[in-house]
Amino acid sequence: MQNGSLPAYDCWFECVRGCGRRYSVFDVVYRCEDCGGLLNVAHDMDALRQTSAAEWKALFDGRTRSNDFPYGSGVWGYKEWVLPVLENENVISMYEGNTNCFRADRLGAQIGLPDLWVKMCGNSHTGSFKDLGMTVLVSAVHQMLKQGKPIRAVACASTGDTSAALATYAAAAGIPAVILLPRDKVSTAQLIQPIANGATVLSLDTDFDGCMQIVKQLTEDPTIYLANSMNSLRMEGQKTVAFEIVKQFDWQVPDWIVLPVGNLGNVSAIGNGFLMMKELGLIDSLPRIACAQAERANPLYLSYQTHFEQYHPVSAQKTLASAIQIGNPVSYERAVKVLQQLDGVVEQVGEAELADAAARADRTGLYACPHTGVALGALFKLLDKGVIKSDECAVVISTAHGLKFSGFKVAYHTGNLAEGSARYANPPVELPADYDAVMAAIDARGLS
Ligand SMILES: *Cc1c(COP(=O)(O)O)cnc(C)c1O
Ligand SMILES: [Zn+2]
């Protein structure tokens with residue numbers, strides 16, 4: 001099937017609370033004007049169903065990493081399922097997605113889970129999965145500007161990765177970006193990324209939730225467009241992680257997806273990706289989802305303890321997993337809906353646990369960011385508790401590149417981590433430039 005022979009598909013914003021209200025995806029609107037619910041992108045599923053599952057699979061397989069713009073991108077290869085109403089000429093893409101997913105043999109063997117896989121979503125343009133959503137959002141704004149919408153800037157509050165992605169895609173499109181960051185709560189790499197891309201970087205004396213409050217106020221001005229994940233255009237890009245995982249398993253479904261969660265946008269997106277594939281017949285089962293939270297920022301975990309009957313935002317405490325230091329997640333309602341459909345569980349891990357989990361994984365060849373450490377720590381616990389079984393297939397979503405968190409790793413290995421027991425610390429050995437001293441140090445390691 002050629003790209004040109006596909007029919008035109010439609011999509012629109014629809015209120016998550018089911019009140020029936022619809023908006024154009026090119027309207028500047030983030031919540032339902034009738035009931036205040038968040039908006040999801042809805043697709044014309046009847047039209048998509050006209051193409052068979054086998055045809056979709058062949059189309060998506062054929063586009064992977066091709067040079068046929070924009071379809072070689074891991075997001076735009078699924079354009080009909082993501083944002084079909086966007087003109088190809090308005091796509092702002094860095095050929096994001098198509099990240100590697102590999103079997104972590106040694107780590108899997110050590111923990112007694114041979115079928116353990118890691119999906120490296122941080123091997124991306126700005127070093128996190130946030131690129132997947134931002135290509136969609138910024139492309140839509142690009143089209144809105146061409147339609148004459150008076151947008152002056154795109155803006156976000158961030159724990160460091162959203163802002164890096166927004167600044168990059170906005171710079172590629174030539175759209176001004178305004179970034180609100182909590183001062184001293186993002187890594188050095190994350191702080192410098194939007195600065196380098198020319199964004200207006202405002203470092204505020206508050207936490208993420210405080211930045212979010214202000215950006216919501218700022219974006220009441222319709223000329224400043226909100227790029228946080230309460231804007232569901234980002235979910236449409238992020239859900240392609242689900243498509244990629246299944247495609248990488250030759251269209252088979254793993255038993256578990258394990259991922260770190262903060263604002264709860266990504267779990268909603270990935271869960272919806274699986275639901276969409278099931279609805280359109282590309283898969284016939286669903287994976288279970290394990291959400292991992294830091295103990296210090298655990299509102300979803302606490303709500304899960306009540307079977308999601310109760311929910312209270314918390315005041316998030318400082319955690320090494322800084323990108324998920326969020327106490328009042330915007331997409332709570334969306335995430336609970338998805339978790340109920342995918343038989344989800346929620347686990348939490350402490351600071352020492354997440355740091356040791358990352359370091360243990362690194363010893364087997366990973367280079368895990370602290371958030372991936374949270375996911376791994378949760379995986380270890382769920383395996384111990386028998387929730388995840390040793391003969392099951394689990395895919396851990398690695399959400400950011402470890403190189404963005406050098407400070408975390410340096411502190412761990414040099415014994416400067418206040419929180420950690422640092423069981424796997426491997427400090428450098430400082431020696432004079434002397435052969436005997438070097439040989440003695442090697443011998444002292446007991447290498448055989
Ligand atoms: C954003 C982010 C998360 C959490 O995703 P949410 O959609 O906020 O739940 C996890 N890890 C990293 C590295 C992130 O940047
Ligand atoms: Zn509504």
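**Exercise 1.** In which loop does aspartate 250 lie? Then describe its phi and decide whether aspartate 250 is buried or exposed.

*Solution.* A quick note before we start: this is a predicted model, where local features need pLDDT of at least 70, side-chain atom pairs count only at pLDDT 80 or more, and totals for chains, interfaces and linings use all residues. Residues are numbered from 1 along each chain as its sequence is written, chains are lettered from A and ligands numbered from 1 in the order in which they are written, and side-chain values use heavy atoms, leaving out hydrogens and water.

Step 1: Find aspartate 250 between helix 10 (240-248) and strand 10 (256-260). Helices (H or I, at least four residues) and strands (E, at least two) are DSSP runs, numbered from the N terminus.

Step 2: Its phi is positive, about 50°, although aspartate 250 is not a glycine. Most residues other than glycine have a negative phi.

Step 3: Aspartate 250 has a relative accessible area of 64%, so it is exposed (over 50%; buried is under 20%, partly exposed in between; 1.4 Å probe, protein chains only).

**Exercise 2.** Which residues coordinate the zinc ion (ligand 2)?

*Solution.* Step 1: The donors are the SG atoms of Cys15, Cys19, Cys32 and Cys35, at 2.2 to 2.3 Å. Donors are N, O and S atoms within 2.8 Å of the metal (3.2 Å for Na, K and Ca); water is not among the atoms, so sites may look incomplete.

Step 2: In sequence, the donor residues follow the spacing C-x3-C-x12-C-x2-C.

Step 3: Cysteine 32 is buried, at 4% relative accessibility, whereas cysteine 19 is partly exposed, at 38%.
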